Amino acid sequence: MDKTIKINLGGTLFQIDEEAYKILRRYLQDIDDRLKNTPGGAESIEDIESRIAEIFQSQGGAAGVISGDNVEAMISIIGKPEDFDTASESTGSREPYSHSSGPKKLYRNPDDMIISGVCGGLGSFLNIEAVWVRILFIIFTCFFGIGFFVYVALWIALPSAQSDPQKREMYGRDDFRSARQKRNTGYSLASGDPGQTASGPAGSGVGNAFNEVFRAIGKVLFIILRIFLILVGITFVLCGFFALVSFVMVFFFHYPGYFSTHSFGVNFFYLPDFLNYIVNPVIAPWILILTFVVILMPLLALIYWGVKMIFWFRAKDGIFSLVGLVIWVVCVAALSLLLFNEGITYAETAKTVSEEVIERAPVDLYIMSDHKVADLSYDKEISFDEEDYNVYFIDDNKGLFIGSGLNINNSEDKSVRVTVRKRSAGRSRSDATRKAEGLLYNYHIAGDTLYVDEYFTIPAGTKWSFDAVRVTLYIPEGTEVHFDKTTENMFRRQHYYNEDWNWSWDGEDKEMVRSDSGDNHWIMTEDGLRKRSERTNTEE
């Protein structure tokens, strides 16, 4: 392996192989021999070295090893040593290698900095004392905060002049030389050690006094800013940490006892398990993975930014942050696409109605439960309290059971009619109608008794599509109705029920009538279904 040597050019460190180093040293020695005894020769040599550093940086030398080919390419750009004679200097022929004679560029000045160096950079660019720029910012800040917002915008937009080539572009060549002469007592290009702070162009006594005042104010503001950032960082870390713990416990450990969501009227804890019932089982794992990434990455970023604010450390994390942002955006886009594709399967809703008529209505009608939820061995339950909608399911897609409702209304004739309304959703109206017809609900009539199920099921292999089944019973006036506990709860749940009272349903006015009786015997009146005891008291 070839030997490499570290060199410093223009304040930048490079690694160069031994052969290339010999060529470069001989080249610089020849230039030094030609220019050292000429007026301004030392400054010209420094300019040439800075130009060489720029060329090597453009060739990737700061990140790799400079080879002999790189040195030869540099020489072809700048020129050979014999081109730098004294005659050419007087005619300004050093322009090909002196890059600093071009227009100035605006940077933040780290050598004349109170907060961020914006005012120092503007002062160097405009060839005025930075203190007057600071005063102008303060004046404009008094007008609706204009100065403050402009300052922050420039702070974000302008880079800091850290290297000598950048400082040459900021000051201009001649001003850079004078500024560097002021810093030479405490700063060496070869060693890179920091020294005294330069204040840019020569400043007046009043300007220096103002600068000292501004520096004192800047230190106070910096302390206040640090305290504020620490508090914000602590908030970020705590919020991110607790949100992350909550996310893990809810979605991985299923701890509803610790994280209640009853205020939302829906139980979210088993939605990851329930996902297999509402989307295509093939893409369900992908939705879970993408959801996990979309939620987890911002929480981790929040914690990381909080730690940076607290400890005020600098890290070269720009590429890492950019890659993370790109991954997050891609995951959000993919998740949105999958959810949209699944969402259109619920674009249309449709209902089907089936009816059975009992011509000879019994005087006493008994409504009894056949298949009950209490008899099911379900593993999970999701309830939508405001909609009186409950879903019971077993792991591994073995079954999905959904609670059904029971309505009882006044019949217009002397017959008893049982109407079953089914509702489902699909990509189209015909698809939704087909799904609704496929819903499985059982009831049967035996003499004066109607047996109804407390729930219905969807066919095996069919996705849940916000399906619903409602049973409506139309009975003539004067018919007495007897419930068991389950069917009476089905009837009451279909409407509004308060556990502290018994309620009866008024079929005409569509409102509940309170009754203090505990009797489960009801009678159909012209005003709707009422408690039998309430009907007797009214007649008396």
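Predicted model: local features only at pLDDT ≥ 70, side-chain atom pairs only at ≥ 80, totals over all residues.
Cores to begin with. In general, nonpolar side chains in soluble globular proteins tend to be buried together. Here, the largest nonpolar core takes in 47 residues. Which of them have the most contacts inside that core? They are Ile 367, Leu 406, Ile 408, Leu 473, Ile 475, Phe 483 and Leu 529.

Now the largest pocket. Its space comes to about 1,100 Å³. The lining has 33 residues. Look at the centre: Ile 114, Ile 115, Ser 116, Tyr 151 and Trp 155 lie nearest to it.

Where does the lining come from? Four helices each supply at least two residues: H5 (118-126), H6 (130-141), H7 (146-157) and H10 (205-253). Helix H10 gives the largest share, with 8 residues.

Last, the cysteines. A disulfide is a covalent bond between the sulfur atoms of two cysteines. How many disulfides does this model have? The count is 0, with a cut-off of 2.5 Å between the sulfur atoms. Two cysteines to look at on screen. Cys 142 is exposed, because its relative accessible area is 65%, and exposed means over 50%. Cys 239, at 46%, is partly exposed.

Terms used
Residues numbered from 1 in each chain as written. Heavy atoms only, no water. Core = buried A, V, L, I, M, F, W, Y, C linked by side-chain atoms within 4.5 Å. Buried < 20%, exposed > 50% of the residue type's maximum accessible area, 1.4 Å probe, protein only. 1 Å grid on protein atoms, 1.4 Å probe; cavity = no way out; pocket = protein on both sides within 12 Å on 5 of 7 lines; lining within 4 Å. Points joined across faces, edges and corners; volume = space filled by probe spheres on them.
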